[in-house]
Amino acid sequence: MKVSLSILTADFSNFEKSVGNVMKESDYIHLDVMDGEFVPNISIGPAFVKSIRKLTDKPFDTHLMIRHPNNYIKEFVEAGSQYITFHIEADCNAKEVIDIIHSYGIKAGISIKPKTSVKVIEELLPYLDMVLIMSVEPGFGGQKFMPVAIDKAKELKELKDKYGYNYLINIDGGINDKTLPLVKDYLDLAVSGSFVCNAEDQIKNLNILKNM
Ligand code: DX5
Ligand code: ZN
């Protein structure tokens, strides 16, 4: 399994010491951007993303939990993102946002919240490089995995196989050694935050997921 490490619960006062080593072992780095409107929390912005770009060569998988994603694509491209994922529930024209992301020569993803069905994004699937299934309500790290995500992963895998789509199937929220086995057969990668970052031995926990 490929892992995208969410650094949301890292110690920001000593960031490099807190997650610098485990970032180097992860396949992707997942960056949670929150605006306090789309979700009831505020996190990091492009300046922070840019500043940690020098810590690793791993691809940045930027997850925009913001209301008007179209206004901020350029900033997160320039900050060093390889993937930018936004929410279908955000206030935007989704196809237009996908096209903006692609115009910068990087990969585009869409995320769906736990209550949003795959049907809602079905006609966009041919244009996507990633689908990010939320297995918690977005906004905070360390929440409990919601099993509603399992069937969506399965459905996305079936559609991908049937039509030969190119998107990576990713999942975000509550992923650990107990929950990843429930979905891993349908995924290309999985986000993990607190299970890895808050562990006594971060690299050990990362490897538990990578070896699944
Ligand atoms: C939630 C974020 C997640 C979160 C993952 O809104 O999108 O990426 O940080 O953290 P864990 O793995 O702790 O659920
Ligand atoms: Zn996320």
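# Asking why: strands, rings and a zinc ion

Tutor: Opposite Thr 62 stands Ile 84, in β4. This is a predicted model: local features need pLDDT of at least 70, side-chain atom pairs count only at pLDDT 80 or more, and totals for chains, interfaces and linings use all residues. Side-chain values use heavy atoms, leaving out hydrogens and water; residues are numbered from 1 along each chain as its sequence is written; chains are lettered from A and ligands numbered from 1 in the order in which they are written.

Student: What makes β3 and β4 count as paired?

Tutor: Two strands pair if DSSP finds at least two bridges between them. β3 and β4 are joined by 3 bridges and run parallel, so they qualify. Strands themselves are DSSP runs (E, at least two residues), as are helices (H or I, at least four), numbered from the N terminus.

Student: Which strand does β3 also join over 6 bridges?

Tutor: β2, again in parallel. There, Met 34 has Met 65 of β3 as its bridge partner.

Student: Why is β3, residues 60-65, called mostly covered?

Tutor: Buried means under 20% relative accessible area, exposed over 50%, and partly exposed in between (1.4 Å probe, protein chains only). In β3, 6 of the 6 residues are buried. Phe 60, Thr 62 and Leu 64 point one way, and Asp 61, His 63 and Met 65 the other.

Student: What makes the unit of β3, α3 and β4 right-handed?

Tutor: Point the strands away from you. The crossover is right-handed if the path from the first strand over the helix to the second runs clockwise. β3, helix α3 (residues 73-78) and β4 form such a unit. So do β2, α2 and β3.

Student: What holds the zinc ion (ligand 2)?

Tutor: The protein donors are His 30 (NE2), Asp 32 (OD), His 63 (ND1) and Asp 172 (OD), 2.0 to 2.3 Å away. Donors are N, O and S atoms within 2.8 Å of the metal (3.2 Å for Na, K and Ca); water is not among the atoms, so sites may look incomplete.

Student: How do you know whether His 30 and Asp 32 are buried or exposed?

Tutor: His 30 has 0% relative accessibility, so it counts as buried. Asp 32 has 6%, so it is buried too.

Student: How many aromatic pairs are there in the whole structure?

Tutor: A search finds 6. In one of them, Phe 12 and Phe 48 have ring centres 5.1 Å apart and planes at 5 degrees.

Student: Why is that pair called stacked?

Tutor: Rings of Phe, Tyr and Trp (its six-membered ring) pair if their centres lie within 6.5 Å; planes under 30 degrees apart are stacked, over 60 edge-to-face, the rest tilted. At 5 degrees, this pair is therefore stacked.

Student: What makes Tyr 28 and Tyr 83 edge-to-face?

Tutor: Their planes are 75 degrees apart, with centres 6.0 Å apart. They sit in strands β2 and β4, 55 residues apart.
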